[in-house]
Amino acid sequence: MAIQWFPGHMHLTQKAIAERIKDIDVVIELLDARLPGSSANPMLADLTGHKPGLKVLNKQDLADPERTALWLAHYNAQPATRAIGLDASQTTPARQLIDACHELSPLRGGMAKPMRVLICGIPNVGKSTLINTLTGSRKAKTGDEAGITKLEQRITLADDFYLWDTPGMLWPRIIVAKSGYNLAASGAIGRNAFDEEEVALELLDYLKRHYAGLVEVRFKIDPIEGLSDEQVLEAIGRKRGALLGKGRVNLQKAAEIVMHEFRSGNMGRITLETPEEFAEWLAVGQRVDAERKAKKEARTRRKGSGRREEGPPVESHEEPSPD
């Protein structure tokens, strides 16, 4: 299943970023520390004209700390880029963000040349919560649902530091299949755009291989080694009382439980990808997408060639056959 979600307001956000970027010094991209590759918008470099970028791995308190360190090193190794981690426990993150932005754009600052920063990220990555923490007020709406913020707004973090917030935005085509599943599992994609049972099974497949102990402890089930993803989901449903008549498991309810436990961090600190894994997934996705585009272009050429070869109908001079 290919998961795609790009509602109309995201197209408007894309246009707003392209217009706003002319007056911006630094772009902050808020990433989900549990899926730092999948939550990075591949359109952003084109939209922002390669402005200096600050990658903020948000929700790092929910992520695997060893993998967070790998991702911070990965992004800090990129040109004109800084990467830092943030989480809900940090009550004064403004200074860290301001200092990082000044490192990226050292010539900006003071009332004559105030720092102008754009902050963006995927839906439900915690951007509105972070902004409310930064400002000490509820300037941004929050909620555990993709697509809460719909309008751009300017926020003053300091007398010479302006922050423009934008609505959460994905990209028109998710070519990395695994990213689609990870984004759905994290809550970045609207519920109507994916099958929850299928996403939960993909999530369990990864957790079985990398975090089996956390799954076993949280759901109090026997060792899951050797069980299929479906058997693990069914065992979780039975443990949590997600049952239908005659003892059958409500797999839809079980899937909702699995995703809620992951999103809330109740299973433990989990990261669904490493830089190396994501690079492999991206290479496969790019190859498959290139093949898809080549096939589409070939079909278009065949159709165009067929139309050119078609001429006016040829008049037949044959006598009708006498039936």
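Predicted model: local features only at pLDDT ≥ 70, side-chain atom pairs only at ≥ 80, totals over all residues.
I started with the second largest pocket and got a volume of about 740 Å³. I then looked up what sits nearest its middle: of the 35 lining residues, Ala40, Asn41, Pro42, Ala45 and Lys55 are the closest to the centre.

Next I asked which elements build the lining. Strand 1 (26–32), helix 2 (44–48), strand 2 (53–58), helix 3 (65–76) and helix 11 (275–309) each put in at least two residues. Helix 11 gives the largest share, with four residues. I sorted the lining by type and found 21 nonpolar, ten polar and four charged residues.

**Helix 4**

I went through helix 4 (residues 94–104) and wrote down its buried residues: Ala94, Leu97, Ile98, Ala100, Cys101 and Leu104. They sit on the same side of helix 4, because they cover an arc of only 165 degrees around the axis. I checked the other side of helix 4 too, and there Arg95 and Glu103 are exposed.

**Salt bridges**

I counted salt bridges and came to 19.

I took Asp25 and Arg116 to begin with; their side chains meet at 2.9 Å, N to O. Asp25 lies in the loop between helix 1 (8–20) and strand 1, while Arg116 belongs to strand 4 (residues 115–121), and the two are 91 residues apart. Is Asp25 buried or exposed? I have it as buried, because its relative accessibility is 10%, under the 20% cut-off. Arg116 comes out at 24%, so I logged it as partly exposed.

Then I looked at Glu256 and Arg191, whose side chains form a salt bridge at 3.7 Å, N to O. Here Glu256 of helix 10 (residues 251–264) reaches Arg191 in the loop between helix 6 (177–186) and helix 7 (196–210), 65 residues apart. Glu256 is partly exposed at 27% relative accessibility, and Arg191 is exposed at 55%.

My last pair was Arg218 and Glu261, with 2.4 Å from N to O. This bridge links helix 8 (residues 212–219), which holds Arg218, to helix 10, which holds Glu261, across 43 residues. I noted Arg218 as partly exposed, with a relative accessible area of 31%, whereas Glu261 is buried at 4%.

I also found one network: Arg173, Asp289, Arg292 and Lys293 are joined by salt bridges that share partners.

How values were computed:
Residues numbered from 1 in each chain as written. Heavy atoms only, no water. Buried < 20%, exposed > 50% of the residue type's maximum accessible area, 1.4 Å probe, protein only. Arc of directions from axis to C-beta. 1 Å grid on protein atoms, 1.4 Å probe; cavity = no way out; pocket = protein on both sides within 12 Å on 5 of 7 lines; lining within 4 Å. Points joined across faces, edges and corners; volume = space filled by probe spheres on them. Nonpolar A, V, L, I, M, F, W, Y, C, P; charged D, E, K, R; others polar. Salt bridge = Lys/Arg side-chain N within 4 Å of Asp/Glu carboxyl O.
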